[in-house]
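Q: Please take a close look at one part of this model, the aromatic ring pairs.

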Amino acid sequence: MFLNHALGISAEFNGYSSLTKTFTFPATPNSPCPLGCTVKADGNLFTYNVGPVFKYRSEHFEPFVEALFGGAHSNTYQNLFKACQATCTTTNSPSNNAFDFVIGVGIDIPLTHSLAIRPAQFDYVLTRFGNAFTKGNQNQSNFRYQAGIVLRF
């Protein structure tokens with residue numbers, strides 16, 4: 001939704017899934033598995049963000065920048081917690097919710113008043129799952145590429 005010709009508000013909801021991955025935790029006091037273990041787990045990630053979008057509009061192209069803030073939810077840490085409990089004793093309860101933000105740029109090519117093609121959008125996505133299970137804040141930095149059709153209202 002655009003408030004004027006250049007400034008808008010964007011909201012996005014994304015879901016990601018993962019394959020099963022093997023994790024090795026060393027035998028250290030700060031490890032989620034203090035005796036050390038190797039476990040397998042998978043997980044899903046859902047993000048929900050809202051924030052400002054600045055767009056330069058012309059007849060043939062519309063580049064934009066965005067900064068979106070919100071949260072993330074994942075079951076990865078809970079799956080790791082259950083796998084570690086099966087192989088060793090751990091009492092730290094993981095958090096499945098985190099702060100996240102998205103900063104990105106892209107370009108739209110308008111076809112009609114209500115339809116555009118987005119050939120490229122590049123985003124930096126940061127999630128910060130910090131909890132007792134991982135012994136503090138853990139930043140996950142990712143880059144994301146998106147393309148598609150934009151329906152404009």
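Is phenylalanine 143 buried or exposed, and at what relative accessibility?

A: Phenylalanine 143 is exposed, at 73% relative accessibility. Buried means under 20% relative accessible area, exposed over 50%, and partly exposed in between (1.4 Å probe, protein chains only). Tyrosine 124 is partly exposed, at 24%.

First, the ground rules. This is a predicted model, where local features need pLDDT of at least 70, side-chain atom pairs count only at pLDDT 80 or more, and totals for chains, interfaces and linings use all residues. Residues are numbered from 1 along each chain as its sequence is written, and side-chain values use heavy atoms, with hydrogens and water left out. pLDDT is the predictor's confidence in each residue, from 0 to 100. The protein chain has a mean of 86. Strand 7 (residues 115-128) has the highest mean pLDDT among the elements, 96. Strands (E, at least two residues) are DSSP runs, numbered from the N terminus.

Now the rings. Rings of Phe, Tyr and Trp (its six-membered ring) pair if their centres lie within 6.5 Å; planes under 30 degrees apart count as stacked, over 60 as edge-to-face and the rest as tilted. The count is six aromatic pairs. One of them joins phenylalanine 122 and tyrosine 145: tilted, 5.3 Å centre to centre, 45° between the planes. Phenylalanine 122 lies in strand 7 and tyrosine 145 in strand 8 (residues 139-151), so this pair ties together parts 23 residues apart in sequence. Tyrosine 124 and phenylalanine 143 also form a tilted pair, with centres 5.5 Å apart and planes at 55°. Tyrosine 124 is in strand 7 and phenylalanine 143 in strand 8, so the pair ties together parts 19 residues apart in sequence. Ring pairs link Tyr124 and Phe143 into a cluster with Phe69, Phe99 and Phe101.

Definitions and conventions:
Helices (H or I, at least four residues) and strands (E, at least two) are DSSP runs, numbered from the N terminus.
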